[in-house]
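Dear colleague,

Please find the structure below, handed over for your study. The findings follow directly after it.

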2 protein chains.
Amino acid sequence: MTFSVTILGSNSALPTSERHPTAQVLNVSERFFLIDCGEGTQMQLRKYHIKFAKINHIFISHLHGDHLFGLIGLISTFGLLGRKTPLNVYAHPDLENLMLPHLSYFCADLPFEVRFIHTSNKERQIVFEDQKVIVETIPLKHRISTVGYIFTEKTGMPNIRKECILKYNLSIAEIASIKKGSDLKLSDGIIIPNSELIKPPKRPRSYAFCSDTKYFKSLANELKDVQLLYHESTFLDSDKELAKKTTHSTSKQAALIAKDAGAQRLIIGHFSSRYNNLSAFIDEAREIFENTDLAIEGAVFNIDHS
Amino acid sequence: MTFSVTILGSNSALPTSERHPTAQVLNVSERFFLIDCGEGTQMQLRKYHIKFAKINHIFISHLHGDHLFGLIGLISTFGLLGRKTPLNVYAHPDLENLMLPHLSYFCADLPFEVRFIHTSNKERQIVFEDQKVIVETIPLKHRISTVGYIFTEKTGMPNIRKECILKYNLSIAEIASIKKGSDLKLSDGIIIPNSELIKPPKRPRSYAFCSDTKYFKSLANELKDVQLLYHESTFLDSDKELAKKTTHSTSKQAALIAKDAGAQRLIIGHFSSRYNNLSAFIDEAREIFENTDLAIEGAVFNIDHS
């Protein structure tokens, strides 16, 4: 099952011609979860061949323009394409109030429903759940109310060991029962315990998105053992005072969070446009957390079962 | 004096990864007049090295999203860059009402004033005038209230013929007086008429922007002898019924307007994303009006004195 993230934009508030503001898509079995929606997201989605019709959920971290100015254009385009499926937008409650007059004016007669699901950064909350994935908010600390999102694959049913199917000539009914946890009772009365019949399910994969936030050590507790972590790194450590003042993080701080959380891999992004060359970001992070990569536009990060 | 247009985007409502929605800049002596502001305009301005600080006037043709969704992001960026100069936005009155809550929320404490100047498509109106250029609206016919804009260079002072300066040993005061229309009285009482002393000023240059509009023949009267005309051509003539239905024009119709107006040169744009190859647009227009070009992103059209 696919579980991968594509970076559509990773710059901070001031976009450049080559670096778009924040937007990413998480692909879970060819369903696309859009995370933030900076200006130009719809063009980036086209550029990287993400199918518009497979985006049903958009998760907005906070109400700064560089994370959402692309939303109205994307919704408008969905309408022009004749979309029928409801679109779910997860965001701070103010977004609904701000968007409704614009939707009425610029997107009158939309052929689909836009549902606003309100988030809060008071505590961690489940905001979406289906058979395959669960999405929770993570309270972050920024100038305004901000949440990160953690996407966790659901644990599937355990698999029956193939050799057991042959050895005990298992029926479909017996297999279903074993998958649910039953032991196997043979005709001679011998009991084969469930643990000998099954392989445990694969460890669920997870992806956490944390932007924008100042550094706070306890964030790592919310991200325990996450496989792939995106954490903002707006500044370099040499500008850590500026990071503190603007409630952003440095590359070093992002790496510390990844290390403390026991993450397997880190992506850093949301770079300030003051830096032309991003290599210093990667060098700084890797001193603390080796398995770090830059959120370069178009990069795809596959999350494998570990 | 520079008088040129740079195309930033020329697609219709559905942008593609290679074709942005409508935006252009007219450069009049290194002052930049932005015309429409589709999503991604600020990235396109950076890409084509247009200096943000030299944009003080933004002219919006009508309130469809593909002509203005980039406005909030651009204003936000102006604020982050510390702009102090007021920004003048010319648009239908509804835009002010729609934008104010978003400006208050997303661009609080802007260090400059955003002034909304209301346009009307009831009649042709002067909306801006300074020493070098005059900008008038042109009523267009679209589904909603829409105006085009015509930018006309002001006639400068006439130039004194160089040979006269030497021949009559003209003083600075005499030159200034002759430029204002005076004759020259020589010491022996002979009068040299003004017309013998001056070269008439160059013909003023002009640029007209017409998007979006259905075809209506009388539009050509508003564009009489314009040097450079941008006219929308959303569809090919084979889709003229669709053009009529959606109140847009075809490439052929744009060419007819240019021909009837006696324009010198035509640029066509606002192409529907249904067409992958734009060469048919140019072929169709050139059958009627030879001096036609496509509004390709990044193209610069210089308007020379004729």
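The loop between β14 (206-210) and α7 of chain A holds A:Asp212; helices (H or I, at least four residues) and strands (E, at least two) are DSSP runs, numbered from the N terminus. A cis peptide bond, with omega about -5°, joins A:Ser211 to A:Asp212. In chain B, the peptide bond from B:Ser211 to B:Asp212 is cis, with omega near -5°, and B:Asp212 lies in the loop between β14 (206-210) and α7 (219-222).

Please keep in mind that this is a predicted model, in which local features need pLDDT of at least 70, side-chain atom pairs count only at pLDDT 80 or more, and totals for chains, interfaces and linings use all residues. Residues are numbered from 1 along each chain as its sequence is written, while chains are lettered from A and ligands numbered from 1 in the order in which they are written. The pLDDT is the predictor's confidence in each residue, from 0 to 100. Its mean for chain A is 94, and 99% of the residues of that chain reach 70 or more. The scores of the model are ipTM 0.90 and pTM 0.90.

A:Asp225 is not a glycine, yet its phi is positive, about 60°. This residue is placed in the loop between α7 and β15 of chain A. Is A:Asp225 buried or exposed? It counts as exposed, because it has 11 C-beta neighbours inside 10 Å. The rule is that a residue is buried if 20 or more other C-beta atoms lie within 10 Å of its own, exposed if 12 or fewer, and partly exposed in between, with C-beta atoms placed from the backbone. In chain B, B:Asp225 has a positive phi near 60° and sits in the loop between α7 and β15 (228-232). B:Asp225 counts as exposed too, with 11 C-beta neighbours inside 10 Å.

Chain A as a whole contains ten helices and 18 strands. Its C-alpha atoms fill a box of roughly 75 × 55 × 35 Å along the principal axes. Of its 306 residues, 44% are buried. Two residues are in contact if their C-beta atoms, placed from the backbone, lie within 7 Å. Among the contacts of chain A with a separation of 6 or more, 63% are between residues 24 or more positions apart.

Two elements of chain A illustrate burial. The first topic is strand β1 (residues 3-9), which is largely enclosed by the rest of the structure because six of its seven residues are buried. Two strands pair if DSSP finds at least two bridges between them. β1(A) pairs in the antiparallel sense with strand β2 (residues 23-28) of chain A over six bridges, and A:Gly9 has A:Ala23 as its bridge partner in β2(A). β1(A) also pairs in the antiparallel sense with strand β18 (residues 300-302) of chain A, over three bridges; here A:Val300 is the bridge partner of A:Thr6.

The other topic is helix α9 (residues 251-261) of chain A. Nine of its eleven residues are buried, so the helix is largely enclosed by the rest of the structure. Among the buried ones are A:Lys252, A:Gln253 and A:Leu256. The buried residues of α9(A) pack against α7 (219-222), β15 (228-232), β16 (265-269), α10 (279-286) and β17 (292-294) of chain A. After α9(A) comes A:Gly262, with a positive phi near 70°.

Which residues touch the most other members of the largest nonpolar core? They are A:Ala208, A:Leu229, A:Leu266, B:Leu229 and B:Leu266, out of 139 residues. Such a core is a set of buried Ala, Val, Leu, Ile, Met, Phe, Trp, Tyr and Cys residues joined through C-beta atoms within 7 Å. Leaving aside residues up to four places away in sequence, B:Leu229 touches, among others, B:Ala208, B:Cys210 and B:Leu266.

Finally, the two chains. Chain A can be laid on chain B with an RMSD of 0.3 Å by a turn of 179° and a shift of 0.1 Å along the axis, where copies are superposed by least squares on the C-alpha atoms of residues with pLDDT of at least 70 in both. That is the relation of a two-fold axis. The contact takes 24 residues from chain A and 24 residues from chain B.

With kind regards
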